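Student: I have a model open and would like to talk through it with you. Could we start with single residues and then work outwards?

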Amino acid sequence: PRMEAAELIESLMLVSSGVDLGRYGLAPAPAIAEMGLLDRFPQLFEDRFQAQTALAYLLAREGLSAAVCWGPGFAPSFLSDGTITDTPISFDFSHNDHVTTQNVMWSRVAGMVDALVRLLKETPTDDGTLWDRSLIYVATDFGRERTRPAGAMGGFGTGHHLSNGNLFLSPLLRGNRVLGGVAADTAITEGWDPVTGERTPGRNEIREGHLYSIAASALGIEFAGRLDVSAAIR
């Protein structure tokens with residue numbers, strides 16, 4: 001009843017065209033036609049990742065959620081034409097076939113992030129667009145070994161490693177740059193000074209609190225213990 005009273009069913013309705021919504025007094029979400037979602041997400045009704053991205057946009061567009069968590073799952077989407085859109089267990093399949101997995105999964109993530117950013121940029125608000133007040137955080141929880149059999153372009157796996165990075169996209173940040181870097185002799189990630197942004201060769205002291213503070217600072221959210229990460233904030 002609360003969902004009906006808030007008209008969430010009407011504003012978030014994403015279903016296959018084979019369902020007779022009129023029979024139930026319903027219709028597809030108006031944004032599907034208005035924003036051309038079927039052109040942007042051709043497999044909207046088969047591909048879970050495309051559907052999640054479309055739903056993330058609708059939640060933001062309708063002002064129903066201030067934060068949305070979405071991404072590929074461990075189970076790949078199987079399309080009606082036989083296409084398999086993901087590796088068997090998403091990025092974690094790098095333990096079996098590193099290069100192919102990274103290529104497939106980063107293409108998937110980058111494609112959906114790009115689609116969402118374009119939608120947010122094209123959605124006006126009273127003082128600009130939805131993108132003007134948005135931040136996308138592509139998180140990672142661990143990295144992979146930096147080893148590769150001599151001359152191998154694929155077919156090899158990699159083990160877990162603490163060396164990893166994270167991606168932030170937002171007009172609220174100092175963008176178009178890399179904070180930290182990768183050591184040339186070990187291929188291990190290095191950190192950066194949270195205030196000056198200078199790289200810290202040979203060490204990486206950036207932790208979850210710094211990343212959380214970047215998102216919160218960009219969005220103007222105060223919390224006890226928030227770190228000074230002014231190097232990243234516009």
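Student: Is Arg 144 buried or exposed?

Tutor: Bearing in mind that this is a predicted model, Arg 144 counts as buried, at 7% relative accessibility. Its place in the fold is strand β4, which covers residues 143-144.

Student: Which side chain does Arg 144 meet in a salt bridge?

Tutor: The partner is Asp 92, and the salt bridge between the two side chains has an N to O distance of 2.7 Å. Asp 92 lies in the loop between α5 and α6 whereas Arg 144 is in strand β4, so the pair ties together parts that are 52 residues apart in sequence.

Student: And Asp 92, how accessible is that one?

Tutor: Asp 92 is partly exposed, with a relative accessible area of 21%, while Arg 144 is buried at 7%.

Student: Which backbone oxygen lies 2.6 Å from a polar atom of the Arg 144 side chain?

Tutor: That is the backbone oxygen of Thr 158. If neighbours within four places in sequence are left aside, the residues in contact with Arg 144 include Phe 91, Ser 94, His 95 and His 98, and also Gly 159, His 160, His 161 and Ser 163.

Student: Let's stay with charges. How many salt bridges does the structure hold?

Tutor: There are 11 salt bridges in the structure. One of them joins the side chains of Asp 47 and Arg 108, at 2.7 Å from N to O.

Student: What about Arg 203 and Glu 205, where do they stand in accessibility?

Tutor: Arg 203 counts as partly exposed at 43% relative accessibility, and Glu 205 counts as exposed at 52%. Their side chains meet in a salt bridge of 3.1 Å, N to O.

Student: Which residues are linked in a network of salt bridges?

Tutor: Glu 34, Arg 61 and Glu 62 are linked in such a network. As a general point, side chains of opposite charge can pair when their charged atoms come close.

Student: Switching to the nonpolar side, which residues of the largest core touch the most other members?

Tutor: The largest nonpolar core has 26 residues, and those touching the most other members are Leu 37, Phe 41, Tyr 57, Leu 58 and Ile 136. The elements that give two or more residues to this core are α3 (30-34), α5, α6 (98-121) and β3 (136-138). The largest share, eight residues, comes from α6. Another core, of 12 residues, lies apart from it and has Trp 192, Val 229, Ala 231 and Ile 233 among its members.

Student: Where is Phe 41 found, and what is it in contact with?

Tutor: Phe 41 is found in the loop between α4 (37-40) and α5 (48-61), and it is buried, with a relative accessible area of 0%. Beyond its neighbours within four places in sequence, Phe 41 is in contact with Gln 50, Thr 53, Ala 54, Met 112, Ala 115 and Leu 119.

Student: New topic: what is the strand order in the open sheet of three strands?

Tutor: The order is β7-β8-β9, and the pairing is antiparallel. The edges are taken by β7 (181-182) and β9 (199-200), and each has a single partner strand, so one side of each is left without a neighbour in the sheet. Two bridges join β7 to β8, which spans residues 189-192, and Glu 190 in β8 is the bridge partner of Gly 181.

Conventions:
Residues are numbered from 1 along each chain as its sequence is written. This is a predicted model: local features need pLDDT of at least 70, side-chain atom pairs count only at pLDDT 80 or more; totals for chains, interfaces and linings use all residues. Side-chain values use heavy atoms; hydrogens and water are left out. Two strands pair if DSSP finds at least two bridges between them. Helices (H or I, at least four residues) and strands (E, at least two) are DSSP runs, numbered from the N terminus. Buried means under 20% relative accessible area, exposed over 50%, partly exposed in between (1.4 Å probe, protein chains only). Contact means heavy atoms within 4.5 Å. A polar contact is a pair of N or O atoms within 3.5 Å; within protein, one must be able to donate a hydrogen and the other to accept it, and residues adjacent in sequence count only if both atoms are side-chain atoms. A nonpolar core is a set of buried Ala, Val, Leu, Ile, Met, Phe, Trp, Tyr and Cys residues joined through side-chain atoms within 4.5 Å. A salt bridge is a side-chain nitrogen of Lys or Arg within 4 Å of a carboxyl oxygen of Asp or Glu.
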